[in-house]
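Hello,

Here is the structure I promised to pass on. Please have a look at it first, and then read my notes below.

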Amino acid sequence: MTGIPLNIDLQQIMLHLFNFTILFGALYILLYKPVKDFMAKRTDYYADMDKRAEDALREAQTSKEAYDEKVKNFDEEARTERANMNKEVSEQRERQLAQAKEEAEKIVSDARTEANREKDEIIASAQKEITEMVTGAMEKLTLEQSASDAFDQFLDAAEAQ
Amino acid sequence: MSKQEKRKAALIFAVIALVFMVGAILTGGGSGEEETIQEVMRDAVLHDINKVSLLGMEVNPGLLAGVIVSGIMIVFALICRIFFIPKFTMVPGKFQLVLETAVGLFDNMAKGNSKINGFLGAYIFAAGSYIFTGTLFELFGVQAVTTNGVSISLPAPLSDINGAIMMGCLSYLVIMSGGIAGNGVRGIGKTLKEYSLPISLSFRLFGALLSGALVTELVYYYSSLSYVLPVLVGVLFTLLHALIQAYVLTMLTSLFYGQVSDNTPKPPKEKRHRKNKKTITSTETAEPAEAAAA
């Protein structure tokens, strides 16, 4: 028995230490590190999945915002477009109405001019015909008168001779 | 199972238990009473009578127990490494969950107590597992033959004073290494301030495990106490102090490790202003207040 109380033995402490050191090394290499590595890997895996999900969510949020903005703009745009179209249609209608009116007036005016012209022509033609008829009648009359006159003159001349 | 079958099973169980009890009584009074209870207890404390042979050296039974426990743990770790860890899945099964909980418990304890925790986690994992498994080891009553030719059941490795001193001093050295890692030479000073720590760690462990061993020895020494009582004393108490001692040592180690490795600068102390003994009259106090207001 050594002089140290409680039977403390330095050699046995060293042997215990040696034993525990080997156990520590083995447990670290065989159990602690692989399990911890796996846990870290899983944490990374889920963190990555979480990050991807967050990114996707953020992207979806951005898309939704853009879509909402687009829808909002689309409504506004559609309203403006509709107003513009209405205005244009209205202008066009006005324009067409004016044009139609103008054309109608022109047609009426042309028709009137044509009618007048035709009327004048008819009158002129009638006048001409009447004149011709009168002239003819007169000529006939004149001719008939001059033939009898000529005959009379001939007879007179013949008589005179 | 019908009522009659249940009654039959209970009767068979009672007969078997009775046979074992009679057998225990008839075979009692043999080797257990070769030593007196005083000798058994003295030897449990001092380990000066019963020595075992280990590689030609005469050592305390606790050291042999330590070697056997380490061997069992290494084989277990090897089996886990070869057969289970490669099959780990992202959603853990029951056994994987047990391993991950054990590793995570010590790792989180290290992380919770210290910023520099890489080595600490591994150390307290090994120390905690060793204390827990070593304490449970005494439950199995593994037999060894002493150099005197007497058969003894091997105790917990850390109920040997040498094993407890090793664990206490090693924990202190680990704490000191944390001090050096966190604060350099100043860390050594910080650790040395806790000079009583190796003794308290060692003897706390030794005392706790020895008391468990002594109570168990006492109970098992007398055959009249060997019925029913060992279920509480032998199993429940051993389980409890296996858990408690593993937790206490690892917790204390990580706490002190965190304390000595902490390198955050202290906030500057506020200078104490001497109280002016002279009593200030209300007119005197009014002047600076008015000046401040102006």
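Let me start with B:Ser114, which, leaving aside neighbours within four places in sequence, is in contact with B:Leu120, B:Gly178, B:Ser254, B:Tyr257, B:Gly258 and B:Ser261 (in contact means that the C-beta atoms, placed from the backbone, lie within 7 Å). This is a predicted model, where local features need pLDDT of at least 70 and side-chain atom pairs count only at pLDDT 80 or more, while totals for chains, interfaces and linings use all residues. Residues are numbered from 1 along each chain as its sequence is written, and chains are lettered from A and ligands numbered from 1 in the order in which they are written.

B:Ser114 sits in the loop between helix H4 (94-113) and helix H5 (118-137) of chain B; helices here are DSSP runs of H or I with at least four residues, numbered from the N terminus. B:Ser114 counts as buried because it has 24 C-beta neighbours inside 10 Å (buried takes 20 or more other C-beta atoms within 10 Å of a residue's own). From B:Ser114 to B:Ser254 is 140 residues in sequence, but 7.2 Å in space, C-alpha to C-alpha.

Helix H1 (residues 3-27) of chain B is hardly covered: of its 25 residues, the count of buried ones is zero.

Finally, the two chains meet: 28 residues of chain A are in contact with 35 residues of chain B. On the chain A side, 21 of these are nonpolar, four polar and three charged (Ala, Val, Leu, Ile, Met, Phe, Trp, Tyr, Cys and Pro count as nonpolar, Asp, Glu, Lys and Arg as charged, and the others, Gly among them, as polar).

Best wishes

Methods:
A residue is buried if 20 or more other C-beta atoms lie within 10 Å of its own, exposed if 12 or fewer, and partly exposed in between; C-beta atoms are placed from the backbone. Helices (H or I, at least four residues) and strands (E, at least two) are DSSP runs, numbered from the N terminus.
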